[in-house]
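Subject: Structure handover

Hello,

Here is the structure I said I would pass on. My notes on it come after the model.

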Amino acid sequence: MSSTDKVRRPNRFAIPEVGGVPLLLPVILTALVLLAGARRAIPENMIGGLAVIVGLGMLLGPLGNRLPVISRIGGGALVCLLTPSILVYAKVFDGNTVRAVTALMKQANFLYFVIATLVVGSILGMSRKLMVGGLIRIFPPLLAGTVAAVAAGLAVAMAFGYSLHRALFYIVIPIIGGGIGEGVIPLSSAYASALGGEAGSYVAELIPAAIIGNIVAIITAGVLRRLGDKRPELDGGGRLVRGPEPEILTAATEPAPAREPNYALGVLMITGLFVFAALLEKLIHLPAPVLVIVTAVICKLVGVFPPAAEADARAVYTIIARWFIFPTMVGLGMVYLPLNNVVSVLSIGYVIACAAVVLAMALTGYLVGRAIAMYPVDAALVTVCHSGLGGTGDVAILSAADRMNLMPFAQISTRLGGVTTVISATWLIRLLGAG
């Protein structure tokens with residue numbers, strides 16, 4: 001054996017690393033943060049919340065990507081989402097720890113900052129031609145997928161003994177309603193208005209289906225990613241539309257700018273567009289997350305921002321997409337995924353019916369996308385986002401598939417599909433009553 005071979009032989013006693021640093025460092029820091037939580041010493045603000053989610057995200061994400069079976073069905077995203085949720089359900093975390101994360105995710109609204117960064121940064125990093133082609137093409141698989149999801153969900157739920165009314169309004173509709181804040185909450189008010197009772201009692205009945213559907217969607221995204229790895233001709237890597245152009249819809253593959261990115265300007269562009277969307281919301285009465293997509297698309301098409309400024313927004317996008325997705329998933333699991341609601345209604349038939357909704361949507365998106373010259377894996381991912389928990393679900397689903405650059409299309413699928421579902425369900429339940 002040559003001396004070179006000896007040098008290259010892996011050292012079995014080498015210290016494990018995560019993110020290029022010794023694993024011991026984030027382990028010690030995270031342990032100190034959790035110890036502070038046990039002593040009720042974590043600041044219940046952005047600093048304390050970031051300390052908790054970043055530490056756990058750095059450890060749980062890489063762990064999930066290395067587990068034998070989990071790594072193939074969502075990996076780090078699934079572990080980062082479910083593990084904190086389970087620990088909160090088991091009351092492992094001290095209340096101080098949970099409150100700190102809640103302050104970050106809800107009061108400081110870190111989740112919307114992440115979503116706005118992914119939307120604005122990825123839109124400004126797109127090819128104009130492929131962006132327009134993708135926006136036009138997503139509607140056929142989305143519409144067909146929704147119809148298939150409703151039909152499959154009703155058929156399976158009724159096969160397990162659920163009534164048509166129960167299957168439609170309490171299993172199918174919550175899954176495709178656009179999340180909790182944008183779907184379950186307005187649905188609960190509509191149900192209370194039409195059927196009587198308190199809106200809060202309907203929330204408890206609607207949330208479990210939405211959560212189970214989101215978990216199935218994450219697993220489905222992980223499976224689609226594996227399919228794309230094995231069959232590269234089916235996978236656009238974040239590009240929806242097939243074509244001879246070599247351009248890829250992703251900021252990560254853009255050539256690095258010649259100058260050092262101005263991250264402050266990038267953050268200002270992202271937050272400024274979101275605040276502008278919030279202003280428009282008061283005038284147009286559409287949700288700000290929807291309007292920020294429209295605003296960013298118009299800015300890209302018209303060329304409002306110079307290329308250097310677009311590069312600054314993409315630079316912020318790259319940091320968030322690369323380093324802060326796993327921590328965000330931890331925050332989502334701790335704050336937005338209440339397992340006690342799921343456990344209260346758990347049954348084999350219920351879970352299978354929820355899964356049928358999601359799988360029918362993904363399969364239809366795949367087939368329709370393939371028929372209209374889209375990359376079927378990417379078309380299925382965008383379509384299945386309609387069954388996720390709003391922006392929360394989009395982050396989780398695309399993270400499991402490593403396709404964060406599809407966020408603008410996923411947001412359109414979730415927001416537009418969700419609004420349409422809520423409006424239709426409100427009209428139907430008033431028409432049909434208690435069933």
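The notes below go through the helices, the core, the surface patch and the salt bridges.

Please keep in mind that this is a predicted model.

Helix H15

I started with H15, where 10 of the 11 residues are buried, so this helix is largely enclosed by the rest of the structure. The buried residues are Ile325, Pro327, Thr328, Met329, Val330, Gly331, Leu332, Gly333, Met334 and Val335. They pack against H3, helix H4 (75-89), H5, H6, helix H14 (307-323) and helix H19 (390-401).

Valine 330 belongs to this helix and is buried, with a relative accessible area of 0%. Setting aside neighbours within four places in sequence, valine 330 is in contact with Ile53, Leu56, Gly57, Leu60, Cys80 and Pro84. Its C-alpha is 34 Å from that of valine 368, which is 38 residues away in sequence.

Helices H5 and H2

In helix H5 (residues 95-107), Asn96, Thr97, Ala100, Val101, Ala103, Leu104 and Met105 are buried. These residues pack against H2, helix H3 (46-64), helix H6 (110-124) and helix H15 (325-335). At the start of H5, a side-chain oxygen of aspartate 94 comes within 2.8 Å of the backbone nitrogen of asparagine 96. After H5 comes asparagine 109, which has a positive phi, near 55°.

Threonine 30 is located in helix H2 (residues 24-38). Its relative accessibility is 6%, so threonine 30 counts as buried. A polar atom of the threonine 30 side chain is 3.4 Å from the backbone oxygen of glycine 55. Not counting residues up to four places away in sequence, threonine 30 touches Gly55, Leu56 and Leu59.

Core

Which residues touch the most other members of the largest nonpolar core? Out of its 124 residues, they are Met105, Leu118 and Tyr191. Helix H11 (residues 199-230) gives the most to this core, with 14 residues. Tyrosine 191 is in contact with Phe169, Tyr170, Ile173, Gly196, Tyr202, Leu206 and Ile429, leaving aside neighbours within four places in sequence.

Surface patch

There is also a nonpolar patch on the surface, formed by Val132, Ile136, Val294, Ile298, Leu301, Val302 and Val304, with about 610 Å² of accessible area together. Helix H7 (128-137) and helix H13 (288-302) each supply at least two of its residues. H13 gives the largest share, four residues.

Loop between H8 and H9

Tyrosine 162 sits in the loop between helix H8 (139-159) and helix H9 (164-175). It is partly exposed, with a relative accessible area of 22%. Tyrosine 162 and tyrosine 350 are 188 residues apart along the chain, while their C-alpha atoms are separated by 9.0 Å. Tyrosine 350 is also among the contacts of tyrosine 162 beyond four places in sequence, along with Ala157, Ala167, Ile171, Ser347 and Gly349.

Salt bridges

The structure holds eight salt bridges.

The side chains of arginine 40 and aspartate 94 form a salt bridge, at 3.9 Å from N to O. This pair links distant parts of the chain, with arginine 40 in the loop between H2 and H3 and aspartate 94 in the loop between H4 and H5, 54 residues apart. Arginine 40 counts as exposed at 64% relative accessibility, and aspartate 94 is partly exposed, with a relative accessible area of 21%.

Glutamate 205 and arginine 166 are bridged at 2.8 Å, N to O. Glutamate 205 is in helix H11 and arginine 166 in helix H9, 39 residues apart. Glutamate 205 is partly exposed at 27%, and arginine 166 counts as partly exposed at 31%.

Are the partners in the bridge between lysine 300 and glutamate 310 buried or exposed? The side chains of these two meet at 3.3 Å, N to O. The pair joins helix H13, which holds lysine 300, to helix H14, which holds glutamate 310, 10 residues apart. Lysine 300 is buried, with a relative accessible area of 6%, and glutamate 310 is buried at 6% relative accessibility. The cut-off for buried is under 20%.

Finally, Asp235, Asp378 and Arg403 are linked in a network of salt bridges.

Regards

Methods:
Residues numbered from 1 in each chain as written. Predicted model: local features only at pLDDT ≥ 70, side-chain atom pairs only at ≥ 80, totals over all residues. Heavy atoms only, no water. Buried < 20%, exposed > 50% of the residue type's maximum accessible area, 1.4 Å probe, protein only. Polar contact = N/O pair within 3.5 Å; in protein donor to acceptor, adjacent residues only side chain to side chain. Contact = heavy atoms within 4.5 Å. Patch = residues over 30% accessible without salt bridge, like charges linked within 9 Å, V, L, I, M, F, W, Y side chains within 5 Å. Areas by Shrake-Rupley, 256 points an atom, 1.4 Å probe, with all protein chains shown as cover. Salt bridge = Lys/Arg side-chain N within 4 Å of Asp/Glu carboxyl O. Core = buried A, V, L, I, M, F, W, Y, C linked by side-chain atoms within 4.5 Å.
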